[in-house]
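Q: I have a new structure to look at and would like to learn how to read it. Could you walk me through some features?

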Amino acid sequence: MANKTYTKLNFHSHTFCIWKEVPFAEVAAMKISYTSQSGSQYIFTAEGLYRISNHWGRVANCHWRLIPLTEFKNQNVTVAFANWTDFYSNDDTSKLFFVKVNWETKEVNFYHKLTVENNTKVVLRNAKETAKTIRTIKEVLTQEDWAKYLKYEDLEALRKEIVTELVNTSKSFLEVKKNHLS
């Protein structure tokens, strides 16, 4: 499936994008191309665009994630760049997203299906299912109450097993936990 071509005319309508934070100095000499109603500023280039904003994540009908240079705090004004090719179609009902876990940092995130390599098998979910799966995985990675009635010897091994199953199957958390009841 070929990706739609995005430009300054349509990047803001039902898209998913992962933006990379850049230093303010990178845009200091540039002219603002557009300012949105919410106050976000945009600078358009041939390769992509810069966004100067204090809000990321769910932006109108878009899912725009920021990869920060350091620890990010929402409401701080940040400058980020995205190539036009970094934008993908997005809607709330199509199964467009997959979840990935970074085991070293215990971070969990979602990505658009068109960002995956063709030989990699992933479970696709819609936006709501993806958000619910991420919440569940964060709970499994950071809390212990969920494991109260389960049979296990090593909590970290159990966490990894359960999270791996949540990422790689469409099973509910309840279904996954049932396999570990004593």
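A: Gladly! Let us start with a term: a residue is called buried when its relative accessible area is under 20%, and exposed when that area is over 50%. Keep in mind that this is a predicted model.

Q: Are Trp19 and Phe87 buried or exposed?

A: Both Trp19 and Phe87 are buried.

Q: How is a pair of aromatic rings described?

A: Two things are given: the distance of the ring centres and the angle of the planes. Here, the ring centres of Trp19 and Phe87 are 5.6 Å apart and the planes stand at 90°, so this pair is edge-to-face. Trp19 belongs to strand S1 (residues 15-21) and Phe87 to strand S8 (residues 87-89), so the pair ties together parts that are 68 residues apart in sequence.

Q: How many aromatic pairs does a search of the whole structure find?

A: The search finds 19 aromatic pairs. There is also an aromatic cluster, which includes Trp19 and Phe87 along with Tyr6, Phe11 and Tyr34.

Q: Which charged residues lie over the ring of Tyr111?

A: The charged end of Arg65 sits over that ring, 4.7 Å from its centre. Lys100 lies over the face of Tyr111 too, at 5.3 Å from the ring centre.

Q: Where do nonpolar side chains tend to be in soluble globular proteins?

A: They tend to be buried together. In this model, the largest nonpolar core has 25 residues, and those touching the most other members are Val101, Ile137, Trp146, Leu158, Ile162 and Val163. Elements that give two or more residues to this core are S1, S9, S10, H1, helix H2 (155-168) and helix H3 (173-178). H2 gives the most, with six residues.

Q: What is the volume of the largest pocket, and which residues lie nearest its centre?

A: Its volume is about 710 Å³. The lining has 23 residues, and Arg65, Leu66, Glu107, Val108 and Asn109 lie nearest the centre. Strand S6 (62-67), strand S10 (107-112) and helix H1 (127-142) are among the elements that give two or more residues to this lining. By class, the lining holds 12 nonpolar, four polar and seven charged residues.

Q: And what lines the second largest pocket?

A: That pocket, with a volume of about 250 Å³, is lined by 13 residues, including Arg125, Thr133 and Ser170. H1 gives the most to this lining, with four residues. The lining divides into four nonpolar, four polar and five charged residues.

Terms used:
Residues numbered from 1 in each chain as written. Predicted model: local features only at pLDDT ≥ 70, side-chain atom pairs only at ≥ 80, totals over all residues. Heavy atoms only, no water. 1 Å grid on protein atoms, 1.4 Å probe; cavity = no way out; pocket = protein on both sides within 12 Å on 5 of 7 lines; lining within 4 Å. Points joined across faces, edges and corners; volume = space filled by probe spheres on them. Nonpolar A, V, L, I, M, F, W, Y, C, P; charged D, E, K, R; others polar. Phe/Tyr/Trp six-rings, centres within 6.5 Å; stacked < 30°, edge-to-face > 60°. Buried < 20%, exposed > 50% of the residue type's maximum accessible area, 1.4 Å probe, protein only. Lys NZ or Arg CZ within 6 Å of the ring centre and 35° of its normal. Core = buried A, V, L, I, M, F, W, Y, C linked by side-chain atoms within 4.5 Å.
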